[in-house]
Amino acid sequence: MNGTSHEYSAKSVDAAIAEGLRQLGLSRQEVEIEVLHEGSRGLLGIGSSNARVRITVPAKPEPPVQPKTEPVAPPAAPIESPAVVEPVAEEAVAPSTAPAESPTESSEEPVAAEAPAVAEPPSKPTARKEADAGYDEDEGQAYDRDVDPDELAELASNLLLEMLEHMGYAADIEATWSESETDGAPLTLNVIGGNLGMLIGRHGETLSSIQYLIRLMVNQRIHRWTNIVVDVDGYKARRAEQLVHMAERMAEQVMQTNRAVALEPMPANERRLVHIALRNHEHVYTESIGEADRRKVQILPK
């Protein structure tokens with residue numbers, strides 16, 4: 001098994017890694033892990049694919065070979081000396097084959113802390129405490145300034161219109177560039193029309209799939225990453241306002257009871273909105289807990 005690579009797949013990257021380590025009987029510190037595909041949920045359940053990782057077991061170093069001492073042949077003819085002194089070969093000292101162990105950093109994400117007890121409240125978090133709990137989303141990256149904004153907006157709008165036509169929807173696209181401190185400069189494509197509720201889906205899952213496909217198609221055309229947000233009749237703006245109000249209500253509840261509150265599972269972009277809404281709160285802070293589709297925001301007292 002030394003010096004070999006194995007590929008494993010599962011619904012998520014973490015699940016694929018866990019399955020590989022279980023089959024190999026090794027820990028994360030003993031292997032090298034490469035993410036081949038992060039997986040996707042597809043569009044409307046079509047085209048979904050599992051995450052895939054490659055786990056390599058490094059080859060152990062071979063111990064050095066002990067040098068052999070060649071025997072000294074006797075002289076062909078007798079010499080005057082009564083005794084023949086044979087040279088003594090120096091004994092080679094083999095170096096230790098066990099390399100010194102060096103501590104390695106764990107590549108796993110830090111586990112979210114449980115809600116603190118009332119009698120012993122946790123220490124005050126730093127100003128960027130919420131950065132560990134949902135700020136790794138690509139929503140926060142800025143678009144590539146080398147790409148002409150008008151050409152990019154036209155390309156993305158045309159691709160989205162073509163996708164909607166294939167899905168049987170007739171709609172208009174309103175493309176706008178927005179500037180904000182947290183979102184960089186995303187291009188927002190707002191789909192306007194009637195009877196478009198099916199494009200949103202449960203908790204916005206269908207809309208997220210459409211957004212993923214549009215980003216993928218645009219990025220493959222221009223060979224650069226850009227931040228594109230797809231919305232339907234301002235759904236995301238309304239949902240963001242609802243999440244902010246809910247976060248504020250739950251923060252008040254935490255302040256009154258001095259006990260942590262966990263919200264319902266949410267997609268990454270919605271968890272991020274809750275983190276932003278409470279990041280400067282004087283009495284509470286937030287962190288994300290759970291795995292995969294069950295990941296949610298927890299609000300805790302400071």
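Reader: First one: is R239 buried or exposed?
Author: Keep in mind that this is a predicted model. R239 is buried, as its relative accessible area is 16% and the cut-off for buried is under 20%.

Reader: OK, and which side chain does R239 meet in a salt bridge?
Author: That would be E270, with 3.0 Å from N to O. The two sit in distant parts of the chain, 31 residues apart: E270 belongs to helix α5 (residues 268–278) and R239 to helix α4 (residues 235–257).

Reader: What about E270, buried or exposed?
Author: Buried, at 4% relative accessibility.

Reader: How many salt bridges turn up in the whole structure?
Author: A search finds six.

Reader: How accessible are R52 and E7?
Author: R52 is partly exposed, with a relative accessible area of 36%. E7 is partly exposed too, at 44%.

Reader: And how much of β3 is covered?
Author: Most of it: five of the seven residues in β3 are buried.

Reader: Which strands pair with β3?
Author: β1 is one, running antiparallel to β3 over seven bridges. Strand β2 (residues 32–37) is another, also antiparallel, with five bridges to β3.

Reader: Switching to helices. Where does E19 find a salt-bridge partner?
Author: At R22, with the closest N and O atoms 2.7 Å apart. E19 and R22 are three residues apart in helix α1 (residues 13–24), so about one helical turn separates them.

Reader: Are those two buried or exposed?
Author: E19 is partly exposed, with a relative accessible area of 26%, while R22 is exposed, at 56%.

Reader: Now the surface. Which residues form the negative patch?
Author: D148, D150, E151 and E154 form it. Of these, E151 lies in helix α2 (residues 149–167) and counts as exposed, because its relative accessibility is 57% and the cut-off is over 50%.

Reader: Last topic, backbone. What is the phi of D233?
Author: Near 50°, which is positive, and D233 is not a glycine. Most residues other than glycine have a negative phi.

Reader: Where is D233 found?
Author: In the loop between β6 (228–232) and α4. D233 is partly exposed, with a relative accessible area of 33%.

Reader: And what about N258, what's the phi there?
Author: Near 55°, again a positive value in a residue other than glycine. N258 is in the loop between α4 and β7 (261–262), and this residue is partly exposed, with 27% relative accessible area.

Key:
Residues numbered from 1 in each chain as written. Predicted model: local features only at pLDDT ≥ 70, side-chain atom pairs only at ≥ 80, totals over all residues. Heavy atoms only, no water. Patch = residues over 30% accessible without salt bridge, like charges linked within 9 Å, V, L, I, M, F, W, Y side chains within 5 Å. Areas by Shrake-Rupley, 256 points an atom, 1.4 Å probe, with all protein chains shown as cover. Salt bridge = Lys/Arg side-chain N within 4 Å of Asp/Glu carboxyl O. Lys, Arg positive; Asp, Glu negative; His and termini not counted. Charge placed at Lys NZ, Arg CZ, Asp CG, Glu CD. Helix = DSSP H or I, 4+ residues; strand = E, 2+ residues; numbered from the N terminus. Buried < 20%, exposed > 50% of the residue type's maximum accessible area, 1.4 Å probe, protein only. Pairing = 2+ DSSP bridges.
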